Protein chains: 2
Amino acid sequence: MSNKNYIANLSYVQKRDFLNSFDLVFCDCDGVIWHNLFDPIPGASDAIAYLRAKGKQVVFVTNNSIMSTADQLKKFSKCNIIVKEHELIHPAKTISNYLKNLGFEGLILCFASSIFKQHLRENGFEVVEEKERLIDGSVLDLRNAIYNKDPIKAVIIDIDFNLTAWKLMRAQVHLKNPECLFIAGAADPRIPFGGNELLGPGAYIRLVEEANQRKAKVFGKPGAELGELLKVMFNIKDPQRVLMVGDSLKSDIIFGKNCGFQTLFVLAGNMEQSEFEALQLNKMDRPDFVIEKLSDLSNLL
Amino acid sequence: MSNKNYIANLSYVQKRDFLNSFDLVFCDCDGVIWHNLFDPIPGASDAIAYLRAKGKQVVFVTNNSIMSTADQLKKFSKCNIIVKEHELIHPAKTISNYLKNLGFEGLILCFASSIFKQHLRENGFEVVEEKERLIDGSVLDLRNAIYNKDPIKAVIIDIDFNLTAWKLMRAQVHLKNPECLFIAGAADPRIPFGGNELLGPGAYIRLVEEANQRKAKVFGKPGAELGELLKVMFNIKDPQRVLMVGDSLKSDIIFGKNCGFQTLFVLAGNMEQSEFEALQLNKMDRPDFVIEKLSDLSNLL
């Protein structure tokens, strides 16, 4: 038997102990409840219903702020899972919370989806209206674009498929000012998509961090600041009684481990079991429990 | 006296020995001959004239393929330096050479300036006509953009201020195919601009290299492949008789050191002497000689 703790291999007593060991579940969505392009993953709703029937509070923690909360709740509903607004956590929400708590005022340069920026505006924040302009190749044009005089007080990086090299330069210039906040949402270094692991926002966040020698406060997975916020929001006294469920080792599992939560890795569509077995994971990277798909949690006992 | 070898501090004999120690000079342009936005640096033309009068062959090796060769030669002419076409080396040229030597045929996905792509086309290569499209935020739109079926045979990354996150994802997908060439031009991790060190193409090249676990062949500074090509082009038997001159430690000096050339670091506008003094450089990063500005080379003896 491998040192990977498959739920399916546990004895009845071990399963019971596992089920009794947590009260709160933080559950990822993409790759766990549905695939990227919205193919619901069969049986996910039964698993969530089972956990709730066993008295567990289930909260969905996603890095996906590309869709509005309303649309995400509809998506859950189509999967036969009823989720209330406070049971869905995403970076646009956590960052709005953080800025509100801070009493933040000022202009924000935000690299994220239009839905994300809309969320910030609806919460009373002022976001730069980015012109989707092209630099024509002259350095003069580049200078005018990046040394823009907007009084930026915060730079936010989340998922932005249209993020350009010159915009990151512009962010870098503003972030030279130590009073300009540096905030990140989804910080996945890679995004699983179409069978490949493609560059995620975490890769660009890291570039700016390295180049400017300052750290972003990260309110998406696997950010430490998100963990602190969740502990306050859900009044978590004992992190070991929280189970973090997800399909990404680099985003969900590391996040859970860093927070002191228990972790359950879902192989789902993202990773073959043989591929997972072949990984050399050290203790801090290794999920506490492994399951093929979420539906294997239904009728555990 | 510091362990940094300032030309100004050398004795007459040391200056003479230095001047006798090289036959060929590879000289950077931006920050050495002129500043980014084309303010000629006073006295650069005298220094070049002096080196030529002393029988040195001077070749300009720039990472700047944003301007056409013709425009760059005009720029030199305005600085009172006459440069012939074969005395100017830039990534669009070295990459064209490499592909020609290879007998390369096929479609190229090229992230570079329009001038760079034009150069490739004029040399008979077929470059994807990139649509400057925005991903609307839906993952379906993203999928259609990055999983495009163009039969790409090479991916080239050079300076592209408009390079987007989704285009890098597209490059990543093509580069999963080991037969698709991965080629880089300018590979500066940082570009000095407007008093800041901003993210350069090298940062993005590194991201793709790490994510796809394959190395690019780099035909701009500080790429090893550029060094090999220059050694062939200029029939270099003894690299120690070549002097690499530049204002970037991470691009010019490392390049020169890796090639076995002598190196001369020009502080010019990019770095204060005190800032340079404070750097902790190990032997492999330390320039052999240091000068405040190129004009200090004029009338050396």
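**Notebook: two chains, one predicted model**

Before anything else, I note how elements are named: helices (H or I, at least four residues) and strands (E, at least two) are DSSP runs, numbered from the N terminus. With that in hand, I placed A:N235 in the loop between α9 and β11 (242-246) of chain A.

Ground rules for myself: this is a predicted model, where local features need pLDDT of at least 70 and side-chain atom pairs count only at pLDDT 80 or more, while totals for chains, interfaces and linings use all residues. Residues are numbered from 1 along each chain as its sequence is written, chains are lettered from A and ligands numbered from 1 in the order in which they are written, and side-chain values use heavy atoms, with hydrogens and water left out.

**Entry 1**

I stayed with A:N235 and found a phi near 50°, a positive value in a residue other than glycine. I looked up its accessibility too: A:N235 is exposed, with a relative accessible area of 54% (buried means under 20% relative accessible area, exposed over 50%, partly exposed in between, with a 1.4 Å probe and protein chains only).

In chain B I noted B:N80, which has a positive phi of about 65° although it is not a glycine. B:N80 sits in the loop between α3 (69-78) and β3 (88-89) of chain B and is exposed at 63%.

Then I checked for cis peptides. One joins A:K221 and A:P222, with omega about -5°, and another joins B:K221 and B:P222, with omega about 0°. I traced B:P222 to the loop between β10 (217-218) and α9 (224-233) of chain B.

**Entry 2: the annotated lysine**

The UniProt annotation "binding site", from an unreviewed entry, covers A:K221; UniProt positions are given in the numbering used here, feature names are shortened, and annotations may be inferred rather than shown by experiment. I find A:K221 in the loop between β10 (217-218) and α9 (224-233) of chain A.

Is A:K221 buried or exposed? It is buried, with a relative accessible area of 1%. Leaving aside neighbours within four places in sequence, I listed its contacts (heavy atoms within 4.5 Å), among them A:D28, A:T62, A:D188, A:M244 and A:D252.

I followed the last of those. A:D252 is in helix α10 (residues 249-259) of chain A and is buried, again with a relative accessible area of 1%. Beyond four places in sequence, A:D252 touches A:D28, A:K221, A:M244, A:G246 and A:D247. I also saw the backbone nitrogen of A:D247 at 3.1 Å from a polar atom of the A:D252 side chain.

**Entry 3: how the copies pair**

I superposed chain B on chain A with a rotation of 180° and 0.0 Å of shift along its axis, RMSD 0.0 Å (least squares on the C-alpha atoms of residues with pLDDT of at least 70 in both). The two copies are thus related as by a two-fold rotation axis. Of the residues of chain B, B:T164 comes closest to that axis, at 2.2 Å (C-alpha). The same surface serves both copies, since 100% of the contact residues of chain B recur in chain A.

How many residues does the contact take from each chain? I get 42 from chain B and 42 from chain A. Together the chains bury about 3,800 Å², 66% of it on carbon and sulfur atoms; buried area is the accessible area (1.4 Å probe) that two parts lose on being put together, summed over both.

**Entry 4: salt bridges**

I count two salt bridges between chain B and chain A (a side-chain nitrogen of Lys or Arg within 4 Å of a carboxyl oxygen of Asp or Glu). One of them pairs B:E210 with A:R206, the closest N and O atoms being 2.9 Å apart. On the chain B side, α8(B) gives the largest share of what touches chain A, seven residues.

Over all chains the count comes to 28 salt bridges. I opened B:R170 with B:D150, also at 2.9 Å between the closest N and O atoms. This pair links distant parts of the chain, 20 residues apart: B:R170 in helix α7 and B:D150 in the loop between α6 and β6 (152-157) of chain B. B:R170 counts as buried at 4%, whereas B:D150 is partly exposed at 26%.

Key. Polar contact = N/O pair within 3.5 Å; in protein donor to acceptor, adjacent residues only side chain to side chain.
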